Amino acid sequence: MKIRLEPKSMEFLKPAKTSRGEYTQKTSYLLSLQDSNYTGWGEAAPLGDLSTDGKVDFQEILAHYWDTELTATDIAEWLLRWEPGSSEALPSLRFALHSAWKNLTYQQSKGKVPHSPEIHWVDNAFTQGKRGMKINGLVWMNGIDAMYDEAMAKVAAGFRCVKLKVGALDFDEECKLIERIRKSHSAFSLELRLDANGGFRDDEALEQLTELQRFEIHSIEQPVMAGSEVLDKICRLSAIDVALDESLIGLHPSNRGVNELSGDALLTWAKPKYIILKPTLLGGTDLADLWIQLAQKHAIGWWSTSALEGNIGLATIAQWVSLYQPSLPQGLGTGLLFKDNFTPFTRVDGETLWYNKTGLCN
């Protein structure tokens, strides 16, 4: 089989702001594995400030193999070599390769129409378009009034779970924003999640979390930076359930890698209430499966979110999550963020994500 990698620059419809900064454009890579009859597809969508391979030239890495006939053994070796925690870790490229490989082998096993545009490798009610998946509505960092208007727009669109980006603006102003939302929508009618992206200071986080408790917040993602020495204390004493996100990046679920830390060791030490799974940043859906096994072992909840992938990566993550039939809303509504995206395979109807395995019309 042959491998190919094509870059695609995508501009955001409007800037996506977090406590770490602002995104206006990003580059994804469409990876394909092709044999004489079938083509498997995957998307590598690294984030320059988060992915451990965010500044790696993927095309340079794979250029030597454009004309090489690859075997299943070659693919298996790459998947092993690029795992998080290894000295050659390339998680977002590994995610794309694993996705393409699953898609290709699925088509081979099912005898699909040669070189079909289908990218799926899961057969269930979700990928057949018979069952949707609940997702949260995401409100990006912006001015306070703009964030309020966006939150209300999400509620009007049918979302009963809304996530707010916090941690970059004045804390009192953020509290006033949440209070304003709560005056018209109780915790019974609207679940509020917060995502600080590590924006709280270690010495202020617990006090701020106590202040936020009065708004009946479901959870807060990554209140302090990954690597914080007080992360376990914050998870243990926080007045709001803590979900870890960035703390998982760069770790293998079970192996102690070059950083001498495993995911199992992290969860044993920090004991968060939830973990957030982003397969692009974790190295693939197969490794995300291992994180779920760890979460179950430690009685920790989880949900998955996209990490600003284009439509190919989003569809891959959505069909993988559907295997678990999750009850918690997932963070998979980012398909409408970009101009000139890949062909969409998902659509959002109210608070529900639906899948179409042959793609949707733009």
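Visitor: What should I know about the model before we start?
Guide: It is a predicted model, in which local features need pLDDT of at least 70 and side-chain atom pairs count only at pLDDT 80 or more, while totals for chains, interfaces and linings use all residues. Residues are numbered from 1 along each chain as its sequence is written, and side-chain values use heavy atoms, with hydrogens and water left out.

Visitor: In what order do the three strands of the open sheet stand?

Guide: The order is 4-13-12, with antiparallel pairing. Strands are DSSP runs of E of at least two residues and helices runs of H or I of at least four, numbered from the N terminus; two strands pair if DSSP finds at least two bridges between them.

Visitor: Why is one side of strand 4 left without a neighbour in the sheet?
Guide: Strand 4 (133–134) and strand 12 (346–349) are at the edges and have a single partner strand each, so one side of each lacks a neighbour in the sheet.

Visitor: Which residue is the bridge partner of Met 133 in strand 13?
Guide: That partner is Leu 353. Strand 4 and strand 13 (residues 352–355) pair over two bridges.

Visitor: Changing topic, is Gly 227 buried or exposed?
Guide: Gly 227 counts as exposed because its relative accessibility is 71% (buried is under 20%, exposed over 50%, partly exposed in between, with a 1.4 Å probe and protein chains only). Gly 227 lies in the loop between strand 8 (219–221) and helix 7 (231–237).
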